[in-house]
Amino acid sequence: QVQLVESGGGLVQAGGSLSLSCAGSGPEFSISAIDWFRQAPGKEREFVAGISIYGDYTDYADSVKGRFTISRDNARSAVYLQMKNLEPEDTAVYYCAAGRLVMSTPDYWGQGTQVTVSA
């Protein structure tokens with residue numbers, strides 16, 4: 001199993017930056033791909049970024065390419081999402097999720113952290 005806890009959300013002005021963390025625990029964390037998803041009010045949950053088990057492969061949604069960076073530190077059982085040049089459209093609850101492959105259906109989810117970007 002994998003337990004995931006997100007942190008780092010908050011309120012930021014447009015053009016600002018935030019860094020989210022996903023702390024993992026459990027025997028399967030280090031053998032799981034980790035994705036970040038987000039869900040804005042009234043919208044479906046969408047994929048944001050993903051990273052492979054060893055961090056050698058990453059993928060991003062077109063809407064965040066060039067602005068967001070995903071990374072992981074397996075020694076610390078953590079995955080990070082660095083977000084810059086934030087836009088009001090990035091406002092959402094952000095979730096990390098663990099699965100077999102990047103963008104595969106996740107097996108485990110965190111509880112989410114709120115990111116709000118003001119205009």
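Predicted model: local features only at pLDDT ≥ 70, side-chain atom pairs only at ≥ 80, totals over all residues.

Phe68 stands opposite Met83, a residue of strand S8. The two strands concerned, S7 and S8 (residues 78-83), are paired in the antiparallel sense, and six bridges connect them.

This pair belongs to an open sheet of four strands, in the order S1-S3-S8-S7, with antiparallel pairing. Strands S1 (3-7) and S7 (68-73) stand at the edges; each has a single partner strand, so one side of each is left without a neighbour in the sheet. With direction ignored, neighbouring strands of this sheet are turned by 15° against each other on average.

How many disulfides does a search of the whole structure find? The search finds one. The disulfide joins Cys22 to Cys96, with an S to S distance of 2.1 Å, which falls within the 2.5 Å cut-off for a pair of cysteine sulfur atoms. Cys22 lies in strand S3 (residues 18-25) and Cys96 in strand S9 (residues 92-99), so the bond ties together parts that are 74 residues apart in sequence.

The handedness of the link follows from its geometry: the torsion about the S-S bond of Cys22 and Cys96 is about 70°, so the disulfide is right-handed.

Are the two cysteines buried or exposed? Cys22 has a relative accessible area of 0% and is therefore buried, as the limit for a buried residue is under 20%. Cys96 is buried too, with a relative accessible area of 0%.

Key
Residues numbered from 1 in each chain as written. Heavy atoms only, no water. Pairing = 2+ DSSP bridges. Axes fitted to C-alpha atoms, helices over the stretch in contact; angles between N-to-C directions. Buried < 20%, exposed > 50% of the residue type's maximum accessible area, 1.4 Å probe, protein only.
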